[in-house]
Every structure is written in C-alpha cells, then in structure tokens.
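Here is a friendly note to read alongside the model. Please keep the structure open while you go through the points.

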Amino acid sequence: MADCQNDGSPDLTPMELYEKLNAQGEKVRGLKSEKAEKTEIDAAVQLLLKLKIDYKRITGQDYKAGCPPTDIVISNSNGPAVEDENDQVDPWNVSTTNAKGVDYDKLIVRFGSSKIDQQLIDRIGRLTGQIPHRFLRRGVFFSHRDMHQVLDVYESKKSFFLYTGRGPSSQAMHVGHLIPFIFTKWLQDVFDVPLVIQLTDDEKYLWKDLTQEECHRYAMENAKDIIACGFDVNKTFIFSDLDYLGTSPSFYRNVVKIQKHVTFNQVKGIFGFTDSDCIGKISFPAIQAAPSFSSSFPQIFNDRKDLQCLIPCAIDQDPYFRMTRDVAPRIGYPKPALLHSTFFPALQGAQTKMSASDSNSSIFLTDTPKQIKNKINKHAFSGGKDTIEEHRKYGGNPDVDVSFMYLTFFLEDDEELEKIRQDYTSGALLTGELKKRLIETLQPLIADHQNRRKQVTDETVMQFMTPRKLDFHF
C-alpha cells in the first residue's frame with residue numbers, strides 16, 4: 001500500500017490519513033511562520049483542505065488535531081471496539097449477535113485493509129509452486145496489507161521474514177490457537193524464510209489476574225505446543241518478552257523509538273486506554289510492534305534494518321500493527337505486511353470466538369478422544385432442524401453450524417467438504433452425522449499433536465528460545 005504524494009489519499013487507513021493531516025498542518029504552520037511565498041502556502045493549504053475532505057469521506061468525522069479517528073470505538077471493556085451494527089472486535093473482545101459470525105467484508109472496510117482475492121491466491125501458488133493452503137482457498141485468511149509487496153520481494157529473489165505470536169493466558173491451548181501456527185508453518189515451508197514467534201507473557205501479566213511466574217510458566221508450556229506444530233529449530237526463534245527484553249539492547253532500542261513516536265492520545269484512540277489503566281498497558285503496544293523490524297534481532301539478521309516482515313494473525317490484532325505501520329517510515333523501517341484470519345468460533349456458536357477461559361466453549365489440545373466427542377455432541381451449535389422429519393424436508397444451515405465451520409478449518413479435501421455442505425443443506429446429512437464426521441477429524445488431529453508434544457522436552461524449548469543465528473545468511 002503506497003502512500004500518496006499530492007494527489008489525495010485513497011489507499012490510506014484512517015490512522016495513516018490522520019497522521020498525514022497532522023504533518024500537513026505542521027507544514028502549513030511552518031510555511032506561514034517562515035513567511036514563505038504565497039503560492040507555496042496556498043498550495044499547502046489546498047492539499048490540507050483536500051486531505052480534510054478525504055478524511056471526512058473515509059471516517060465520517062471532521063478532522064480535529066489531537067483526536068484520532070474513532071473508527072475504533074472506545075468501549076467500557078478497556079479496549080477498542082470496531083462496532084458495525086452488533087459486531088464488536090478488539091484485541092481483547094470479539095462478539096456479534098449474528099449467528100453466522102462477524103461480517104468480515106464490513107470489517108475490511110472499517111479497518112481499511114484489502115480482501116484476499118483469487119488473483120492474490122493464484123499468485124502465491126504460482127510463485128511457490130504449491131497448491132495454496134486450504135486456509136487461503138476457503139477464506140480463513142481473508143484480508144491483507146501489502147501482501148503483493150511481499151511477493152514482489154520474493155519474486156526479485158530477496159528475503160523477508162515471518163513474525164507471529166501468542167499471548168499465554170493459560171497452560172493449555174485450544175484448537176483455535178493452532179490456526180495462525182498451522183498457516184505460519186506452511187508459509188515458512190513454501191517460502192523458506194526465518195520466523196520469530198513472540199510470547200507476550202508480559203502482556204498477560206498486565207491484563208490478567210496472574211503472577212509473573214504463572215505467565216512465564218504458561219509461555220513455556222505454550223511454546224511446547226507451538227513447537228509441536230513442526231517448526232524447524234534451525235529456522236525459528238521463539239522468545240518470551242519477560243526473558244528477551246532484558247537481554248537484547250537492539251530490541252529495547254526499537255521499543256523506545258516506537259514509544260517516542262506514539263502519543264498518549266493516539267494509544268487512547270487506538271486501544272481505548274483510560275486514565276485508570278496502568279502505565280504498563282499504555283506502553284505495551286510498542287513491545288508487540290518491535291518484532292516487526294529486523295533490527296530487533298541482530299543475531300538473526302546481522303543488523304539489517306531493511307528486511308520486509310510478514311505477520312499472519314487474527315484480525316483482532318490489527319490495531320497493534322496499524323500503529324506499527326504508521327510509525328515504521330518515521331523511524332526508518334519498512335512497514336510490516338499482514339495476513340488476517342477469521343476467528344475460530346466457540347462451540348456454542350459464531351457469536352464469539354473460542355476462549356481458553358471457558359472450558360465448555362473450547363476443545364483443548366489436552367482433551368481426550370472421549371472429551372472431544374462429548375463436547376461436540378453436547379455443546380456444538382447446530383444449524384439443523386428440530387426434528388429428523390423437518391431436517392429431511394427443509395435441510396440444515398451450514399453457515400451457522402459450528403461442526404461444519406470447524407470442518408472448513410481442518411478437513412483438507414475440498415470436494416468432501418463441498419459434498420458435506422450440499423448433503424447437509426438438502427437434508428440428506430443429519431446433524432448427528434455431521435458431528436460424527438467432525439469428531440472423526442479432530443480426534444486423530446489432536447492425538448497426533450499430543451504425541452508430537454510429548455517429544456518436546458525442556459531442552460528442546462531452550463534450543464528454540466536461545467538467541468542465536470539461524471540457517472540464513474544476511
């Protein structure tokens with residue numbers, strides 16, 4: 001996404017446009033104070049007025065200095081809420097009253113990102129020589145920022161790196177937590193690039209009623225589940241914030257650079273912080289932003305500052321990286337690119353995402369085959385009819401059926417998935433049969449994960465988490 005020069009700002013996000021307006025206002029004031037030529041002042045004023053018109057058109061709000069755009073509406077839940085009718089999306093809360101889940105097309109418009117279209121999917125397949133991942137084929141990853149730019153870098157035989165993360169709020173991860181890691185591993189495999197994985201145990205200490213020791217222990221346990229996804233120790237660096245920040249001057253210097261270029265007004269507008277929030281929360285976004293820059297990891301990238309970063313993540317994390325993209329050019333770094341995923345729904349329905357804090361809404365990676373079966377049969381929301389007779393006659397609704405939704409994430413065969421959709425819609429497939437197919441899919445998947453995790457020792461974790469050079473040359 002290229003910034004415009006003097007021809008308007010159709011490709012800028014609301015926050016980027018807000019910052020451009022701030023800069024243009026400063027320029028106008030500077031020209032006037034320097035008593036510049038009238039024609040030069042008039043041209044700068046005209047651009048300022050045009051930017052204000054664009055800002056009003058894009059945000060529906062009048063520009064006011066010191067008041068960032070409120071396309072992210074501040075809620076009482078201590079975080080930003082993108083609210084479109086009954087949708088609420090922020091890094092801490094996701095909910096909707098729509099049984100089909102969040103309206104992602106509207107979310108793309110509200111966040112100012114770009115839809116992953118067939119042309120982009122085809123280009124990824126063509127450049128990698130691989131069939132695009134099912135998450136791309138099925139719209140699980142549905143939105144992006146500057147992915148074409150990453151592909152341009154790859155096509156020109158240059159390198160980039162991957163960055164993703166996990167907030168370790170519980171010892172056991174659930175199946176929804178696997179989504180970004182399954183996809184990130186595929187990206188690493190097909191592009192053959194370095195990967196850094198941030199465990200934000202500091203964030204969980206600041207936001208949750210947990211001790212530092214608990215948060216750090218959860219990070220170590222979560223690292224075992226992440227490693228069990230199959231990442232290569234020679235290409236992957238995993239780090240705990242509570243450990244790494246104190247040992248990496250380069251990382252901390254980048255954190256401070258970011259902090260200097262983001263005002264309190266901005267973080268209040270982006271994240272919804274209030275005067276009663278601890279200062280740790282207010283400063284944390286800079287810590288999540290810092291891994292976007294290759295100079296935060298000199299041991300891996302040999303002090304390179306110009307490497308492009310690609311971040312696969314759920315779209316509720318986008319506010320952090322809109323802020324990062326705004327700051328990046330002002331501190332001399334490339335903007336990170338992003339790939340956004342949909343949310344993995346709770347068993348009770350797509351009105352909210354699966355949560356580790358509610359055992360009945362989640363299928364954990366520690367669950368036994370019997371627990372998986374019981375949870376799906378008892379709690380998985382059905383799109384079927386009340387009786388077999390009605391279901392056979394009218395069919396079910398796969399768009400709201402949680403078992404079908406889960407199969408779109410984990411069933412590899414596109415043709416089988418489409419047949420299940422058609423049979424369920426026609427009434428040929430009953431709800432119990434659909435749940436049985438999901439159970440047959442998840443039980444071996446989770447059992448295989450558990451077997452791989454058993455092979456991950458504390459020594460293995462330390463290998464992944466030791467700052468070191470990876471098998472790449474920069």
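**Notes on the model**

1. Helices (H or I, at least four residues) and strands (E, at least two) are DSSP runs, numbered from the N terminus. Helix α12 itself covers residues 264-271, and its buried residues are Gln266, Val267, Gly269, Ile270 and Phe271. Here buried means under 20% relative accessible area, exposed means over 50%, and partly exposed is in between, with a 1.4 Å probe and protein chains only.

2. A word on the basis of these notes. This is a predicted model, in which local features need pLDDT of at least 70 and side-chain atom pairs count only at pLDDT 80 or more, while totals for chains, interfaces and linings use all residues. Residues are numbered from 1 along each chain as its sequence is written, and side-chain values use heavy atoms, with hydrogens and water left out.

3. Two residues that are not glycine also have a positive phi. Most residues other than glycine have a negative phi. Asp192 has a positive phi of about 55°; this residue lies in the loop between α7 (178-191) and β8 (195-199). With a relative accessible area of 41%, Asp192 is partly exposed. Asn302 likewise has a positive phi of about 55°, and its loop runs between α14 (298-301) and β10 (308-314).

4. Now to the aromatic rings. Rings of Phe, Tyr and Trp (its six-membered ring) pair if their centres lie within 6.5 Å; planes under 30 degrees apart count as stacked, over 60 as edge-to-face and the rest as tilted. By this rule the model has 33 aromatic pairs. One of them joins Phe237 and Phe239, whose ring centres are 5.6 Å apart and whose planes meet at 20°, so the pair is stacked. Phe237 is buried, at a relative accessible area of 0%, and Phe239 is buried too, at 1%.

5. Which kind of pair do Phe239 and Phe251 form? Their pair is edge-to-face, with 5.7 Å from centre to centre and 70° between the planes. Phe239 belongs to strand β9 (residues 236-240) and Phe251 to helix α11 (residues 249-260), so the pair ties together parts that are twelve residues apart in sequence. Both Phe239 and Phe251 are buried.

6. Elsewhere, one aromatic cluster is made up of Phe135, Phe141, Phe183, Trp186, Phe344, Tyr406, Phe409 and Phe410. A charge sits over a ring if NZ of Lys or CZ of Arg is within 6 Å of the ring centre and within 35 degrees of the ring normal. Arg322 lies in this way over the face of Phe111, at 4.4 Å from the ring centre.

7. Helix α11 also has a helix partner. It packs with helix α13 (residues 279-289) at an angle of about 125°, and their axes are 8 Å apart. Axes are lines fitted to C-alpha atoms, for helices over the stretch in contact, and angles run from 0 to 180 degrees between N-to-C directions. Angles under 35 degrees count as roughly parallel, over 145 as roughly antiparallel, 65 to 115 as roughly perpendicular and the rest as oblique; α11 and α13 are therefore oblique to each other.

8. How many of the eleven residues of α13 are buried? Eight of them are, and the helix is mostly covered. The buried residues of α13 are Gly280, Lys281, Phe284, Pro285, Ala286, Ile287, Gln288 and Ala289.

9. On cysteines: a disulfide is a pair of cysteine sulfur atoms within 2.5 Å, and by this rule the model has zero disulfides. Cys309 is buried, at 1% relative accessibility, and Cys313 is buried as well, at 7%.

10. Finally, some contacts across the sequence. Asn234 sits in the loop between α9 (212-227) and β9 and is partly exposed at 37% relative accessibility. Asn234 and Leu470 are 236 residues apart along the chain, yet their C-alpha atoms are separated by 5.4 Å. Ala314, in strand β10, is partly exposed at 22% relative accessibility; Ala314 and Val140 are 174 residues apart in sequence and 9.7 Å apart in space, C-alpha to C-alpha.
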